[in-house]
Amino acid sequence: MAQFPALLGEHGLEPVPRFVARTSWRRAPSLLRWRYSDRLFRVYAWVGVALAVSVVVGLAQAGPWWVVTVVFLLLWALYLSIVNVGQTFYAFGWESLLCEALFLTAFLGSTRVAVPVVVLGLSRWLLFRLEFGAGLIKLRGDRAWRDLTALYYHQETQPMPGPLSWWAHHLPAWWHRLEVVGNHVAQLGAPVLLVAPQPVSSIGAGVMVLTQLWLVATGNFSWLNWAAIVLAVGVVSDGVWARVLPWVPDDDAVAVGSRPPDDVPVAFAVVVGLAAVVLLVKSWRPLLNLLSRHQLMNASFDRYRLVNAYGAFGSVTKDRFEVVVEGTRETCDECEPRWAAYEFRGKPGDVRRRPPQVAPYHLRLDWLMWFLALRGYRDPWGGSWFDVFLLRLLEADRPTLALLRRDPFHGERPVAVRAVLYRYRYTSREERRRTGAFWAREELTLLEAPLTLADARRAAG
């Protein structure tokens, strides 16, 4: 809600009205197609917040089964509507994961009915695709995953390092190789255990939870890790929880004397059955994708994002590049003006700043800046939105500046802006003790020559 208007609103970097005008409902169904304004978007967002709160406090679950179904289907429709017009800024695997999980959860029922076994099975199928797909994409991709050297680089070059990433990078080489082995076990071995009886399936889920928690500690991957943890925790049986955490009651043991759920209503059984058939039919293409040597990563096979393909880091970047955006308020024909850098909230900039913890919050602009530096200015992940971003900086646009950590001009318009490409690397332990810096960097090239307001307006069209 805080980022959307500046990124995709009426005057955003990729305006929704412009996208809607050149695309069809068939390509990207969205409630926001009927009419878009930033105010109406906020209404949709607050409705979603209210519905989510009703679930968190247990209000929706306390009613009839259909209340849960309606609430989660509304949440799914609202978020799908945002994702389908979100363009580059919503082109991440965890967006589809959230859509799929919301739709599936709609058929769990309330506390008055027993949880349908078929929905539990489909949730395991989702977890399997999430983990196994990520494991296969690595095994089929970069050689670094096969020769166990991928983690020599990953902590340094991942999109959004976290507070512990510098220390994780400096762990010994044997540990990094062991990490890769552990990753293969967690993503290629543990998912197979999901079809085993208890407590074996709980052990497989536990392995996934532990590896996801390590990723939470050493990086910032939005809500991807927490979504995987929630799905995996749901596999662990009550009996296993009771053994691991003695203060947690074993529901199987205390079931005697407790109020049993109502008989499953016929309408609920029919709705769940129909949903299961739809999801199973739509699982065919994701299954073929898993088996394919040309496996797609983070792909949706239908416009409603009901059953998707997942995966991450099929290749490992060996060097870290960063785009540093600078501005100046000086006009100087015969001398070099002084340039000051705009600081982003999450991505590296100031070499002395410790990488912050931002996940599960998703800093969308910062992630796109990582892709911009990695893939090039005119890549589809860069291009026009960056032209508009530079224009907004020259206009001192307040919503755009609010996306940043620091505006060096305190809301005043700069005379010109430019973009400089740097290579970043973590400092060594000795460099860290001597300078206090987490990063060292070298300037590579001028990615965007100095632009004035008139230049930027022409570039942005």
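Which residues form a nonpolar patch on the surface? They are Met1, Trp46, Val49, Val53, Val56, Val57 and Leu59, with about 720 Å² of accessible area together. Patches are made of residues with over 30% relative accessible area and no salt bridge, nonpolar side chains (Val, Leu, Ile, Met, Phe, Trp, Tyr) being joined within 5 Å and like charges within 9 Å. A salt bridge here is a side-chain nitrogen of Lys or Arg within 4 Å of a carboxyl oxygen of Asp or Glu. Areas follow the Shrake-Rupley method with a 1.4 Å probe, and for residues only the protein chains shown count as cover.

Before going on, a word on the model. It is predicted, so local features need pLDDT of at least 70 and side-chain atom pairs count only at pLDDT 80 or more, while totals for chains, interfaces and linings use all residues. Residues are numbered from 1 along each chain as its sequence is written, and side-chain values use heavy atoms, leaving out hydrogens and water.

Helices (H or I, at least four residues) and strands (E, at least two) are DSSP runs, numbered from the N terminus. With 53% relative accessibility, Trp46 counts as exposed; the cut-offs are over 50% for exposed, under 20% for buried, and partly exposed in between (1.4 Å probe, protein chains only).

Now to the strands. Strand 7 (residues 416-426) is largely enclosed by the rest of the structure, because nine of its 11 residues are buried. Strand 3 (residues 320-328) runs antiparallel to strand 7, joined by nine bridges, and Val325 stands opposite Ala419 in strand 7. Strand 8 (residues 439-451) also pairs with strand 7 in the antiparallel sense, over nine bridges, with Val420 opposite Leu446. Two strands pair if DSSP finds at least two bridges between them.

Last come the aromatic rings. Rings of Phe, Tyr and Trp (its six-membered ring) pair if their centres lie within 6.5 Å; planes under 30 degrees apart count as stacked, over 60 as edge-to-face and the rest as tilted. By this rule the count comes to 32 aromatic pairs. In one of them, the rings of Tyr79 and Trp223 have centres 6.5 Å apart and planes at 75°, so the pair is edge-to-face. This pair links distant parts of the chain, 144 residues apart: Tyr79 lies in helix 4 (residues 65-83), and Trp223 in the loop between helix 11 (200-218) and helix 12 (224-233). Tyr79 is buried at 16% relative accessibility, and Trp223 is buried at 19%.
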